[in-house]
Amino acid sequence: MATPISYSYQPEDRVPLPPRDAKVATTACDYCIVGCGYKVYTWPLGREGGPRATQNALGVDFPAGINAGKWISPNMHNVVHVDGAPHHVVVIPDGDSKVVNVQGNHSIRGGVLAQKCFNPNRPSQERLLHPMMRVRGTLQAIPWEKAFEVMAGISRHVLDRYGEAAWAMKTHSYGYFENTYAISKLAFAAINTPAYAPHDKPGPGADTPGLDWAGIDAFSASYEDWGAADVIYMAGTDPWETKSVLFTSWIMNGGNPDKKLIFALPRKTTGAAWGEQRGGLFLPVIPGTDTVLHLAIARIILENGWEDREFIRTWIANDWEIDVGMGRGPRNTPVEWFTTWGRYGVGFDAYKKWLLGYKYAELATAEQISGVPAASIRQAAEMLAKPRADGSRPKASFMLEKGIYWSNNLGNTTSFSALGLLCGAGNRPGRVISRGGGHQRGWMGAADYPRMLSPEKFPGRRKKEIDLDRWVEDGNVRFAWVIGTTWMQAMAASQGLIETFGRITRGNAHQIASFDPKAAVETLKRRADSGGMVVVDQDIYPVDPIGTQFADLVLPAAGWGEEDFTRCNGERRLRLYSKFYDPPGEARPDWWIVAGFARAMGFKGFDWKDSNEIFEESARFSRGDVLNYYPLVASAKRQGRRAHDLLRELGTQGIQTPIRQVGDGLVGTKRLHDSTLELGPPEGATTHPAWLTAFNSHTGKAILLRSYWEDFQDFHEAVQPVGDELWVTNGRINEMWQSGFDDLRRPYIMQRWPHQFLEIHPDDAKARGIESGDLVAIENDKVLVQTGAYQGVDDADLSFTALRKAGNITSTRGSFSAVAIVSTAVRKGVTFAYFGFPGNPANAVVPRVPDPVTNRYRFKLGKGRITKLGESPYKRSLTSMSFAPRNIV
Amino acid sequence: MDDLSDERSCLSRRAFLLSGGTAVAIVGLGPLSRAFGAGTALQVASYPRKRVARVSQLVEGTPLTFTYPWNDLNSTNMLVKLGVPAGGGVGPGRDIVAFSTLCTHMGGPLAGQYRAQYRILGPCPLHLTTFDLTKHGMVAAGQATESLPQIVLDVSGDEIWATGVMGLIFGYHSNLAVRA
């Protein structure tokens, strides 16, 4: 029997109150897409406010009221340094908020934001403090200038000898407009490298092509719309687990608290159980099969004539309208107009004819493939589209996330958008088709990704964005700069990638042995010339293994709360994220580090004094786009003010982009494609793109897209569990954020989740002798991996079948350990783990064969053999890790 | 001003007694160390002692309510015999525990939400947070930023006494300080 582990989380029984004169700043949460508004109080140590409203900065009497958003929990307090002096800091949800997190609602993630602030007496002491170079195997502090000198020296060599595509960047895509603008200016304007990938995928490009191609912006909805809907179809997401306040403030409440919820998930999560209890529906779909489920629901709707005919007549493009643009825009499919003309987009009549004759849309077939009972499929169709007795229609909205677009990216998203459009959703209050969202929206590109330089190409002539992982594995990258991501654990077949990285970095004979920058550069040149790769890792914490084991240089970044930044949330709400305390040691914001390197390279245009200068410069690149904040910057300029300061005045409310100038004021945009929005003539710096009031296609009409199960079937069959294997799907849970970079430093969270977990059905557990609390191994001996095949020539060249035939599919092995949680929440045959738990990523058993059209991984389709290793130390612990069901409602 | 129990004294004085980590000996605490076991932190100031129940009157799975350390709404707690050993559990089966019934997320009422089958308190009717009563009130799933405050219990013969609180009770800025 394992020895029980006791986490030493020590709950406090008091918290210091901010005195009346505490300094107040506004910000928004650093984590999920919802982007709740927060207030930050800082004041010097040695004083505290009192419990009377007149004695504290919150202006309330204590005890604070229930559900009033004015209570400070001990985890909302920390001690930081402000201008070198120790200060109390309280980070509290804005109880005065009228938007997003109304009345100070918050998630467990945002509620413990204060604990992410650097405090040398708490676990956040592990922050990176100095630039470091690995000299003789050990990371050692060096000055910033020396780090830039080494980076520039090796970069020049790599660019000169191997070209731009050998100089790679792998960066977060969300870490604030100021940083991503600097990153993209360096990568795409100065260096012009195609070897670039965001943190969550192997290359740039669309995540939800089925929405984009249909003319629907993935973030067109407002939170009000989810609140006002009568029924919501949620595909591959439970916002209760991952977008907490969107669920608890807007879906449980909002304009229509009696709305019905339909969840299509392999696992009955809290939100799904709650929705079902209140008259909703749970569709327990087998991983990866949502396409046939969507098609079957759509077919029942069409068979019964429940489609929204008036909407379709007005807003759905017919065949002629799709063809009329001569290849630009109207078909809206980057692939289609060179290669697959007429394959996806069709008018309503042709769509209906196709669907009614398509065998994979038949109810019995769909039931068999998706595992969802026919009666439930029929009921979903009724709930979404059957007109009421008085002829009115339920206001149906459609939310999708990674559960569907990271399993069958193209098929699931095209069938999803078509289903929503048939129900009349997409451009009206309470009737929307949108992503729920993951991280916030902080990308502002200074230049476009140089697709023409990418090594990849679709069949036909069109270029395709890179799959950077395959590019590295195939030995094409000599220098890689990693910013704010684990890279390998966040990608598929993680352990194969880790092996490659190890081999071409530490496994290379040429390792830095001198602090002299010139000598270091000479060593690294020999590394590159012998087929090895130089790695720079820039982050806030030591990241294993990219920073701790592989990087030659590690650079300390300053982040949330340590610099003035801006970003939008899932309803395009722009806010200022205020700086309120000193970054630790020599840590600097990403933009400053990028600029330092760029100047060392001799690039022009990287001379910013502060982040506001970048914000103002970047604004012009947002013009005409959905995140357009140019009118705000123009307005600030007219007033002779800094744009950050104008935004600061808008506090936690901020303003929804695209921002428009009306008269002397600035107006936000609630939803996109809004058929109810009335616009006057554009004023001042304002632009009025057609998609403000129409769909984002050539004609302003949405496009119905056909989806083909056959395009995916070969791959789905190849990754099916065989023998005693089970599906090992993965996702997020409420209490953790992404790779756990902050959670690892929060004892409160680590007592709850000290180890990776695996939810397993009681029947599957019993057959393997597994009980809750047992430590299990999850092993996949056949993790499929694609190699090569960068370019397609004939139509079917990049299909899975063709790739396998051509020898481009190999396999590797992957394994991780987890603590079993036996639960009826998962369907039999399916297990669920946290996608990227530190040290034990479930992505290890996930195939690395991207969608051939979009280069998106099928993260959710892992599998493995589950065996019991023994009891975990948590099984009998009375202090760590709960095994209670998560979905008690 | 709220009522105080008779046993309470020196409320304005703050005299914390801290222990944490398996190596710390909790000398002199007697019942407290048994209650919370090695490795569990506890912070006990001059909390009052208050008799809250009798072991003989408890029915497994049926909670009793009581107020502690004050007598206001925020000090409402429940005491329950779980039927399985629990962190901080007292009594012969180490299964008698007591917790605040205000959700540490936003103060939602948890009274009446005990699920005996799972030894879970919740879901909170406001935002669906649940707490695991076998593990010191740890969040099982949900939004709360603190475990549910656990009332430190002491058994003396048949009598169960409340002697302290682990964690800040919702609404308070201090469990012991004078309020507005």
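## Terms and model

Two strands pair if DSSP finds at least two bridges between them, and strands themselves are DSSP runs (E, at least two residues), numbered from the N terminus. This is a predicted model, in which local features need pLDDT of at least 70 and side-chain atom pairs count only at pLDDT 80 or more, while totals for chains, interfaces and linings use all residues. Residues are numbered from 1 along each chain as its sequence is written, and chains are lettered from A in the order in which they are written.

## Strand S21 of chain A and its partners

In chain A, strand S20 (residues 565–568) runs antiparallel to S21(A), and four bridges join the two; across this pairing, A:Thr566 has A:Leu576 as its bridge partner. S20(A) and S21(A) form a hairpin with four residues between them, and in the turn A:Arg572 has a positive phi of about 60°. S21(A) is also joined by two bridges to strand S22 (residues 655–656) of chain A, again antiparallel, with A:Gln656 as the bridge partner of A:Arg573.

Strand S21 (residues 573–577) is mostly covered, since five of its five residues are buried (20 or more other C-beta atoms, placed from the backbone, within 10 Å of the residue's own). From S21(A), A:Arg573, A:Arg575 and A:Tyr577 point one way, whereas A:Leu574 and A:Leu576 point the other way.

## Where chain B touches chain A

In chain B, 54 residues are in contact with 48 residues of chain A, contact being counted if the C-beta atoms of two residues, placed from the backbone, lie within 7 Å. The elements of chain B that give two or more residues to this side are strands S9 (130–132), S10 (138–141) and S12 (159–166), and the largest share, four residues, comes from S10(B).

How values were computed:
Buried ≥ 20, exposed ≤ 12 C-beta atoms within 10 Å, placed from the backbone.
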